[in-house]
Amino acid sequence: MKEFKLSAESTEETVTQIQQHIGGTISERFGEFTLKVDNEIARGCIKFITFDWGVSLMEYNIIFFSDILFVSDTSNFNPILFIYCSKGNMYHRFSYEEEFNLIGEFHAAILTSKKSVAHNTLFPKGLHMEINIIHIGRKEFLKKRLNNVEQLNEKLHQVFMDDNEKQEFAYFSPIHLKMEDHVKKLRDISTDGITRILQMEGEVYQLLSMHIARHDSYHTNDIMPGSLLKDELKIIRRYAQKMLEDPSFNYGLEQLSKDSGLSQAKLQEGFKFLYTRTVTEYIRHIRLEASRELMNTTDMNISQVVYSIGFTSRSYFSKIFKEKYLITPHEYKKKIVVLMENED
């Protein structure tokens, strides 16, 4: 195992100190920094970007070739850490603890420490890791207007308000596949300049709200799905993605059950957990969203749109479209035509 000590005063300095230990080069583009490394210690990259009000994002996409332990002194820089692991796993313990806590694939954690207590973060060798960490500097964040800290549950409120950093806090979440969809959106942002920064910041706050909502569920003892395994949730997520890519296919619950190897009850439970919809409701939702996209981007008439997304009844489509968007498809299409004429 290789042990490296960090004593940074910011996210930027943290990455700079990591570079001093593992090598590589740091580049910058539109305020986003990337440490790239390819040597006997590691291969991959660590990215970070700093936003306003003490919020920054750090992303690992890397393989270490030895077990790597980072020991982070918190006396100069001690943010609240909101961690999400998309691939691989990592381990964490406070300096006074003997046992590490696992943060596995699709799991999240919220961590902060007393100033006198170090974070010990262990990255195992040979694993391709994709890890997303939001840093919240409390003193700066509390200066932000409309930070909504008062809406947090009592425990998290205490953590945010502890700007003198006198207590540690650790919450390790169960599997959280819904967050992975937003992490993927963050990774897939392809714009440049200020537009990219604003889009990234929006996704970071969305992820932050999901971290907090998951802790609220834990804090209020809301029931998590008990009968579904992680691999089963991953299967459900894969089929949901398939539906998203091809909404016109005739998806039936019975056939989905046969194809996936999951019972109909597990499919319904998984879709409700991941997407807050039954299987039928999810299919209807993605088809309606696809219909709007087609009306926005093609010259298809309403009947062509209806059949291209898998519906067979135009009247039924019009009924549920209006229920969802409070406007008929014909009115929506007409509105788009007017907007395009005005642009011309």
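These are my notebook entries on what I looked up in this predicted model.

**Ground rules**

I number residues from 1 along each chain as its sequence is written, and side-chain values use heavy atoms, with hydrogens and water left out. As the model is predicted, local features need pLDDT of at least 70 and side-chain atom pairs count only at pLDDT 80 or more, while totals for chains, interfaces and linings use all residues.

**Entry 1: the whole chain**

I began with the overall figures. The C-alpha trace spans about 65 × 50 × 45 Å along its principal axes. I find 12 helices and 13 strands in the chain; helices (H or I, at least four residues) and strands (E, at least two) are DSSP runs, numbered from the N terminus. The chain has 344 residues, and 47% of them count as buried. Buried means under 20% relative accessible area, exposed over 50%, and partly exposed in between, with a 1.4 Å probe and protein chains only. I also looked up contacts, meaning heavy atoms within 4.5 Å. Among contacts with a separation of 6 or more, 66% are between residues 24 or more positions apart.

**Entry 2: strand β6**

I looked at β6, residues 68-72, and found five of its five residues buried. Ile68, Phe70 and Ser72 lie on one side and Leu69 and Val71 on the other, and both faces are covered. I then checked its neighbours; two strands pair if DSSP finds at least two bridges between them. Strand β1 (residues 2-6) runs parallel to β6, with five bridges joining them. Lys2 has Ile68 as its bridge partner in β6. Strand β11 (residues 119-123) pairs with β6 in the antiparallel sense, over five bridges. There, Phe70 has Thr121 as its bridge partner.

**Entry 3: cavities**

I searched on a 1 Å grid over the protein atoms alone: a cavity is a set of points where a 1.4 Å probe fits but cannot get out, a pocket is an open set with protein on both sides within 12 Å along at least five of seven lines, and lining residues have an atom within 4 Å of a point. Grid points are joined across faces, edges and corners, and a volume is the space filled by probe spheres set on the points. I find two cavities of 30 Å³ or more.

The largest cavity has a volume of about 330 Å³. Its lining has 24 residues, and those nearest its centre are Leu6, Thr14, Ser72, Leu81 and His135. Elements that give two or more residues to this lining include α1, β6 and β12 (128-136). β11 gives the most, with three residues. By class I note 14 nonpolar, nine polar and one charged. For these classes, Ala, Val, Leu, Ile, Met, Phe, Trp, Tyr, Cys and Pro count as nonpolar, Asp, Glu, Lys and Arg as charged, and the others, Gly among them, as polar.

The second largest cavity holds about 30 Å³ of space. Glu32, Lys47, Phe48, Ile49, Leu57, Met58, Glu59 and Met200 line this cavity. Here β4 (42-50) and β5 are the elements that give two or more residues. The lining divides into five nonpolar, no polar and three charged residues.

**Entry 4: pockets**

The largest pocket holds about 720 Å³ of space. I count 20 lining residues, with Asp181, Lys185, Gln241, Leu244 and Tyr275 nearest the centre. Helices α4 (177-187), α6 (230-245), α8 (264-275) and α9 (279-297) each supply at least two residues of this lining. The classes are seven nonpolar, four polar and nine charged.

The second largest pocket holds about 400 Å³. Its lining has 21 residues, of which Glu9, Phe77, Gly137, Arg138 and Glu140 lie nearest its centre. α2 gives the most to this lining, with three residues. I note three nonpolar, 10 polar and eight charged residues.

**Entry 5: two single residues**

Is Thr11 buried or exposed? Thr11 is buried, at a relative accessible area of 3%, and lies in helix α1. Not counting residues up to four places away in sequence, Thr11 touches Phe48, Ser56, Met58, Phe77 and His135. The side chains of Thr11 and His135 make a polar contact at 2.8 Å. A polar contact is a pair of N or O atoms within 3.5 Å; within protein, one must be able to donate a hydrogen and the other to accept it, and residues adjacent in sequence count only if both atoms are side-chain atoms.

His330 lies in helix α12 (residues 329-343) and counts as exposed, at 54% relative accessibility. Its C-alpha atom is 9.1 Å from that of Asn301, 29 residues apart along the chain.
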